[in-house]
There are 2 protein chains.
Amino acid sequence: MDFLTIAENAKKASVEISGLSTELKNNALQKVAEALEANKDKIFEANKEDLEQAKKLVESGELTQSVFNRLKLDENKMRDMIQGVKDIIKLDDPVNKYLLKRELDSDLKLYKVSCPIGVLGIIFEARPDVITQISALAIKSANAVILKGGKEASNTNRQIFEVLTEALNNAKGFPKNVINQVYSRDDVAKMLEAGEYIDLIIPRGGNNLVKYIKSNTKIAVLGHADGICHIFTDESADLNMASKVIIDAKTQYPSACNSVETLLIHKNFKHANELLENLKNAGIKLIDKPDSWHFEYSDKILAYKFVENVDEAINHINKYGSGHTESIITEDKANAEKFMNLVDSAGVYHNVSTRFADGFRYGFGAEVGISTNKTHARGPVGLEGLTIYKYKLVGNGNIVDDYSKGIKSFHHKDLEI
Amino acid sequence: MDFLTIAENAKKASVEISGLSTELKNNALQKVAEALEANKDKIFEANKEDLEQAKKLVESGELTQSVFNRLKLDENKMRDMIQGVKDIIKLDDPVNKYLLKRELDSDLKLYKVSCPIGVLGIIFEARPDVITQISALAIKSANAVILKGGKEASNTNRQIFEVLTEALNNAKGFPKNVINQVYSRDDVAKMLEAGEYIDLIIPRGGNNLVKYIKSNTKIAVLGHADGICHIFTDESADLNMASKVIIDAKTQYPSACNSVETLLIHKNFKHANELLENLKNAGIKLIDKPDSWHFEYSDKILAYKFVENVDEAINHINKYGSGHTESIITEDKANAEKFMNLVDSAGVYHNVSTRFADGFRYGFGAEVGISTNKTHARGPVGLEGLTIYKYKLVGNGNIVDDYSKGIKSFHHKDLEI
């Protein structure tokens, strides 16, 4: 099927699923979880084919070992994948929630109601478990989705998609074509131009993928390219706390987007030498004259710099940061407040490791991704980020002319939700 | 000053204003209102110069009379402009509102707090009153703004900007460069490419302006191009109500974006002939075979079509509409509910004229514009649409490693806001 037909079908499906009850959506998710369980051997089989191909590419140096690892589906990942779908069943339905109920006049009521966005375009790299996670999130939030995975995982992606599609086709009252998948590189180009059908693009992958997508589409993109996080150690910081937090933020998972990349130290912090010594002893390589302050090491490497005061720290972060997550270590509440108010990032922390920037840790139950956008959704994005709202207005033949002539008048009374 | 310097200054100003108290912002708005009052003669003088130029262009046919009318500032418009600023003083401060307070652990608290978006780029056509309205909205929501108005109004725009700037420079504690204005066509091109500095573009003007901007920038754009609104007269509709509502929606202000353009009639509606007769008698020109169903007449012209049922009406609207506002006239509650759930538009109405789609009528107090976007803000956008949020996390040296090793655990308890 060509891309435009798929996109048109997805758009139709997005309307059909938008009216579906929570019960029918949860039932469909339950069928998906069961089908994955029942067909896991088929999926492992398909994954083996991808792994064999990928192994050759690793040997010839065309693929990195880490991509190979992400590609591999084992019993543990399969269990997590199925559990992930079951977890989404338990989450609150994010659509059809009343955000406002207002009487404009005695016979004219306005309702602001959450609703799905429409059609999501998902472009992801090696990890085939993204398919089930995003599909489950899309189903729960009543969005249709068009998936495009990495070609290294194409056998696995096809097999998982087949299992999902069959399960959904058999789920009671569930519309066709909610979940769609495309496979070619051409389809990515078409997806990025399909603003008529696709309402939001979500890239799941490395910097280069995200940057490429952001600079090649006019459709809204939810995500982040860089994760250049900062920690500012203020004059009054506690040495032990600073050491502990920075070591966690740099070494607990160095390639994560919420790892710290730059340490700013107040010039009057008395324990600076001990702090740097502690970091070195934790295996962190320190750089005091980096080529660029706007760089994500994704490794146990940390750039550092002394600053005059909290203002210089704030300016540095707003200039070189990526708007992801920044933390101040201080015992001075006024400085903490200033930092948290004036640093323009999705996450602004006080005496906490930057690694907490995560949907599960925030208690969202599931995560679509982390956004550094300044509109729609920012920071770790849960199900709510896949919704928008519409205004429903119910009257009794009300016309504007009556209000403009003063025959009737608005009284704007908010009702309890 | 060149555009990039202005943009850099605006970005700095956006950080400075983000921490400003409601009191200081309201004080600045009060100074603006007073300065407009004190300097209105200067502004009228500048407006006269623009009108003289514009008059020549109207005579030579290069400018329409309606643009000339929008350009003209008289005592009434000046009064409305000043009152608009005063009204914004009275509105709730949309920033620094807690949207979520959650204990992740006994010593780790998460706050989701509303905050300004950053720098807004406003591109508007003839109406010089847009400057004060948008500047006041930006100040209240703590955003910086770069304005670019139509060249026909350049003298008026310069004069109003001068008055505003002087008032703000004298306002207590108010940062410099919050409100900026540029004048050349080149600056528009630079603005559309300045994603590093500008977070949101808001076009205020006709279809062509909005379409041009949407297709020439990667920055998020808030607004709408077309306003192709529909009314569906169902089988069970009341003839009088249908006539009254459609006449209001078409004739009360035909060039408004929330005027109806297409009437869909259930094939079994018994009073179809009388309805069409009533519309004709109200001076509406009816078209039963339009060249396109995706067309905004902006005049007392209405396309109409008979449909099989509510489903065909929904499909027609989702296919040819612009996602603005649609209404169903029916006595059948089930059909009304179906229509309102499945029509994918910012406004879905039951027994109401489409003309109610407006921030003031919704009770927002002020309107940024009407958005047909599927992300961030939809429908009439008030002050809230100029905000986003950040996550503040306050702890006591908390590190992720403790939670991942099970030494500590999350308890995710929501606190009262």
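**Exercise 1.** Determine how strands S1 and S2 of chain B are joined.

*Solution.* Strands here are DSSP runs of E with at least two residues, helices are runs of H or I with at least four, and both are numbered from the N terminus. Two strands count as paired if DSSP finds at least two bridges between them. Strand S1 (residues 98-105) and strand S2 (residues 108-116) of chain B run antiparallel and are joined by six bridges. One bridge links Tyr98(B) to its partner in S2(B), Val113(B).

The model is predicted: local features need pLDDT of at least 70 and side-chain atom pairs count only at pLDDT 80 or more, while totals for chains, interfaces and linings use all residues. Residues are numbered from 1 along each chain as its sequence is written, and chains are lettered from A and ligands numbered from 1 in the order in which they are written.

**Exercise 2.** Describe the pairing of S15(A) with a strand of chain B.

*Solution.* The partner of S15(A) is strand S12 (residues 347-352) of chain B, and the two pair in the parallel sense over five bridges. Within this pair, Tyr391(A) has Gly347(B) as its bridge partner.

**Exercise 3.** Characterise the side of chain A that touches chain B.

*Solution.* Residues are in contact if their C-beta atoms, placed from the backbone, lie within 7 Å. In this sense, 59 residues of chain A contact 59 residues of chain B. Elements of chain A that each supply at least two residues include helix H1 (3-18), helix H10 (239-251) and strand S15 (387-398). The largest share, 11 residues, comes from S15(A).

**Exercise 4.** Identify the residues with the most contacts inside the largest nonpolar core.

*Solution.* A nonpolar core is a set of buried Ala, Val, Leu, Ile, Met, Phe, Trp, Tyr and Cys residues joined through C-beta atoms within 7 Å. Buried means that 20 or more other C-beta atoms lie within 10 Å of the residue's own, with C-beta atoms placed from the backbone. The largest core has 242 residues, and Val32(A), Ile146(A), Val32(B) and Ile146(B) have the most contacts inside it. Leaving aside residues up to four places away in sequence, Ile146(A) touches Ile6(A), Val119(A) and Ile198(A), among others.

Conventions. Two residues are in contact if their C-beta atoms, placed from the backbone, lie within 7 Å. A residue is buried if 20 or more other C-beta atoms lie within 10 Å of its own, exposed if 12 or fewer, and partly exposed in between; C-beta atoms are placed from the backbone.
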